[in-house]
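Dear colleague,

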Amino acid sequence: MADIIPNTYKTFPEAPATVVSVLALFGAFLATLPQMISDERDLGGYSGQDPAVDAWITAADASLAVSKTACAMVLAAHTTGAPIDGPNRALIRVAQLFHKVMDSAHPEEVARLRAHAGLRRWAWLVPSSVAGSRFINHQINTALDALELWLALDDVFDARAADWTGLADHGQDDDGAGDDGGCAAAPAA
């Protein structure tokens, strides 16, 4: 006698391996950036060796490691089976930008990447004709704003250092006297 009840285990397709969306990974990466920026801000341009600052340095290193890991997960999204279409490709390009900046030891390269991201922001965005472009572009703009904020942390201290060196001779003439317009004394009343 023939089996009239079909094997239901064979009629259902196998469940696909877990596919993690690039957008979800990118969102997780974005979530790590505020803490990283906050910890870097706490260091405030510190470059010396002071045991009292070790906790801040350790926190900044730990949050940078978390952001690097989240960034690497976005970059490895193609191995999870996530489709790499236009929006996903745009998110991956932004993650590549962060990856280059985080791993670069060359200030000139970082300055070039920063300028490219700031001046040509439109090149990172997806066209408005793409479904979900508004949300994707919001995520990209948030990431690029965070990159600018993170890189600008050092700018304040660089400008301040230049001002501090200028203060040493501010108002001084070659003879060491103050800049009083050539008058040796105040006018008599």
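Two packed helices are described by the angle between their axes and the distance between the axes. Each axis is a line fitted to C-alpha atoms, and the angle runs from 0 to 180 degrees between N-to-C directions. Please note that this is a predicted model.

The packing of α3 and α4

Helix α3 (residues 54-75) packs against helix α4 (residues 86-103) at an angle of about 140°, and their axes lie 9 Å apart. The crossing of α3 past α4 is left-handed. On the α3 side, the contact involves Leu64, Ser67, Lys68, Cys71, Val74 and Leu75. These meet residues of α4 including Leu91, Ile92, Ala95, Phe98, His99 and Met102. By class, the residues of this contact comprise nine nonpolar, three polar and two charged.

Helix α5

Helix α5 covers residues 107-119, which is 13 residues. From first C-alpha to last it reaches 18 Å, close to the 18 Å expected at 1.5 Å a residue. Its buried residues are Val110, Leu113, Arg114 and Ala117. Viewed down the axis of α5, these buried residues fall within an arc of 100°, so they line one face of the helix. Glu108, Arg112 and Leu119, on the other side of α5, are exposed.

Pro127 is located in the loop between α5 and α6 (133-167). Is Pro127 buried or exposed? Its relative accessible area is 51%, and exposed means over 50%, so Pro127 is exposed. The C-alpha atom of Pro127 is separated by 9.1 Å from that of Gly86, 41 residues apart along the chain.

Yours sincerely

How values were computed
Residues numbered from 1 in each chain as written. Predicted model: local features only at pLDDT ≥ 70, side-chain atom pairs only at ≥ 80, totals over all residues. Heavy atoms only, no water. Helix = DSSP H or I, 4+ residues; strand = E, 2+ residues; numbered from the N terminus. Left-handed = near helix turned anticlockwise from the far one by under 90°. Contact = heavy atoms within 4.5 Å. Nonpolar A, V, L, I, M, F, W, Y, C, P; charged D, E, K, R; others polar. Expected span 1.5 Å × (residues − 1). Buried < 20%, exposed > 50% of the residue type's maximum accessible area, 1.4 Å probe, protein only. Arc of directions from axis to C-beta.
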